[in-house]
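Please read the points below alongside the coordinates. They are meant as a short note for a colleague.

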Amino acid sequence: KKKKRNREKRERERQRSEEMGRIFTVELEGRSYRCRFCRTHLALPDDLVSRSFHCRRGKAYLFNRSVNISMGPLEERMMLSGMHTVADIFCCCCGQNVGWKYESAHEKAQKYKEGKFVLERGRIVDEIDLSTEVYIDTHGSTSDTEDS
Amino acid sequence: SKGLIKESEVIRIITEALYSLGYGESGIRLEKESGIPLHSTIVKLFLEQVNNGEWDKSIVTLKGIQLQNEKAVTFLLLEQKFFEFLKLEKDTDALGILRKEMLPLGVNNKRVHELASVLISASGKDAECVNPGSKVVEKLQNLFPPAILIPEKRLEYLLEMDLDSQMSCCEFHNIPDSDLSLYSHHHCGIHNIPSETLETLEKHTDEVWFLKFSHNGKYLASSSKDKSAIIWEIDAQGKFSEKHKLLGHVNPVAMVLWSPDDKQVLTCGEDEVIKRWVVDSGECVQTYETDGVGSVSCGWFHDGSGIIGGMADRRICLWNLDGTEIEHEQVQREQKLSDVAMTADGKWLVSVGRVCEISLFNRETRAVRLIPEEDMITSFSLSKDNKHLLINLITQKIHMWNIEGEPYLCSEYTGHKRSRFIIRSCFGGYKDSFIASGSEDSQVYIWKILRPQKEPCSVLRGHSGAVNCVSWNPTDLHMLASASDDGTIRIWGRDKKLEKQQQQQQKKRLAKASAVAAAMKAMTVTTGKAL
């Protein structure tokens, strides 16, 4: 199973390098949140600040740090909590818009967000999602102890 | 002329230069014609006597010169007399000199005692020997005021100092030393930095990710996403032609590196294997891999006797040329994508150890020197003399570090763009005093190292895709190559049109200056006064 997973992973990596250049990525240790489309590591649970953010497409999480992303241009945006200067962020491998970064907040109460990243729940997967996806077996299992 | 120079000094310095260059006759003639002797008669006599080894006579003559340092000079001369006696094995006489003549001077009693021990010990006698007269004069030089004894080769020294200061003032200095001339003031225009595309090489069929000139500057090697590497040959006119296309990798080729003797190249397939090729034949002679783990970077041993591989499982692997693995002690790295390199003295293995940190691993002592950076490191490159390290950060900054002893940050360079790819930079130009880098905005950036600002001194436009890598020809100061996602390689050189323009401007400036000078001279004549 591990070999198959590695092969599939390499296939995905090759597909996503339709993009230009030799892409620079880092890998995070342990259970990380990844890009839903290309599985590139994006953030660690240790850096998760809040799960109660929202965007047009649904739920979103606020993180202290995010890796393997590139930033779009800065713009002024009116959010539910007020006016902010934000920049959309994109997975550096597949280019999907995965969320945004708070550059500055106009209201004092919102200043805590500055420098932090929002990743949309619908654009990321975590280890649990990954494991349920991968362990789907085509062969019927006879042992009770396999599923856990 | 600003009136800063005294004619008599000029004549004497020229006379000394004539003697130094071996034109004794002309020297004598000049002394006669100008009526300005190089040295006064008594100094001349003194020098003659010293050159002939007539120590006692020279000491007597010395008294007539009335030097401030008379005692120190006398001491030196007596030293020579002492050694001569030693040579002739007249030990008692030698001791006599020490006691009766040198000690009373009170100049350097420590030395007197040293000489006494030389006298006693048998071995010492062979170690020191009588210096020839000319060497003595050299030693005397420091003790005589320069006006009395003109320093040797003074004119040569003055001219070199001036050239040196012209060079350091030169903003874009980038010509070989042999091109410097005394005939006119030196000034490098920006046209001496590569700025024009001389050639575009289009043999790759996909993005070009890496390129590097050979150490002898006669070849260029490039590697591409098209899974091949190409070795290019440069002819006498500077034209490039494809020598070999290296096929065999099944993944994009991430880098291609020259062996120290330029006879072989090493290629690294992205997350694949490392291959070694012979340049002449273009054939692959060895493949390096381990445990089914792919490699992400490669490097040569300093003497070409082994191969280094940065692996995808974050280990560093070392192989002998024949493919057998060498045990390696370095701790596993933290970052997957890291360059690897060995310094030319074979002492240090350079790699990105922990995230945001470069590790210099000492192969003998297994000690580690760390270079802590402020952010993640995407690539690095060593200078030719291995004294400096150029680090490309994820935050679009290039940092230059001095790694001779304890590493320290020298300077920072910004201006280029990097947000997704591995963009490489390199040293180059006159004595590696320039830095060139690729950029995601399709341009090549060039900085002059010692300029105080961080901004580039030149930006080259032409590519239509991100420029991934640059390489400056180590033997041709004016040739720069760049590799781009547009599938091409561009060779940059001097802008001939700009050079002509600058030369014409220079001529105009000089013409103006001489016209003004002529006018002022004319005025002096009419008014009869000096200005």
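Predicted model: local features only at pLDDT ≥ 70, side-chain atom pairs only at ≥ 80, totals over all residues.

1. Helix α5 (residues 70-87) of chain B packs against helix α6 (residues 91-102) of chain B with axes 8 Å apart and an angle of about 165°. Angles over 145 degrees count as roughly antiparallel, and α5(B) and α6(B) are therefore described that way. The crossing of α5(B) past α6(B) is left-handed.

2. On the α5(B) side, the contact is made by Phe75(B), Leu78(B), Glu79(B), Lys81(B), Phe82(B), Phe85(B) and Leu86(B). Facing them in α6(B) are Asp91(B), Asp93(B), Ala94(B), Ile97(B), Leu98(B), Glu101(B) and Met102(B). By class, this contact has 9 nonpolar and 5 charged residues, with no polar ones.

3. In the model, residues 246-287 of chain B are 52% strand and 0% helix, and their end C-alpha atoms lie 13 Å apart. For residues 460-492 of chain B, the values are 48% strand, 0% helix and 9 Å between the end C-alpha atoms.

4. An open sheet of 4 strands in chain B runs in the order β1-β28-β27-β26, with antiparallel pairing. Its edges are β1 (196-201) and β26 (467-472) of chain B; each has a single partner strand, so one side of each is left without a neighbour in the sheet. From one strand to the next the twist averages 25°.

5. Which strand pairs with β1(B) over 5 bridges? Strand β28 (residues 489-493) of chain B does, in the antiparallel sense. Within β28(B), Arg490(B) is the bridge partner of Thr200(B).

Methods:
Residues numbered from 1 in each chain as written. Chains lettered and ligands numbered in written order. Heavy atoms only, no water. Axes fitted to C-alpha atoms, helices over the stretch in contact; angles between N-to-C directions. Helix = DSSP H or I, 4+ residues; strand = E, 2+ residues; numbered from the N terminus. Parallel < 35°, antiparallel > 145°, perpendicular 65-115°, else oblique. Left-handed = near helix turned anticlockwise from the far one by under 90°. Contact = heavy atoms within 4.5 Å. Nonpolar A, V, L, I, M, F, W, Y, C, P; charged D, E, K, R; others polar. Pairing = 2+ DSSP bridges.
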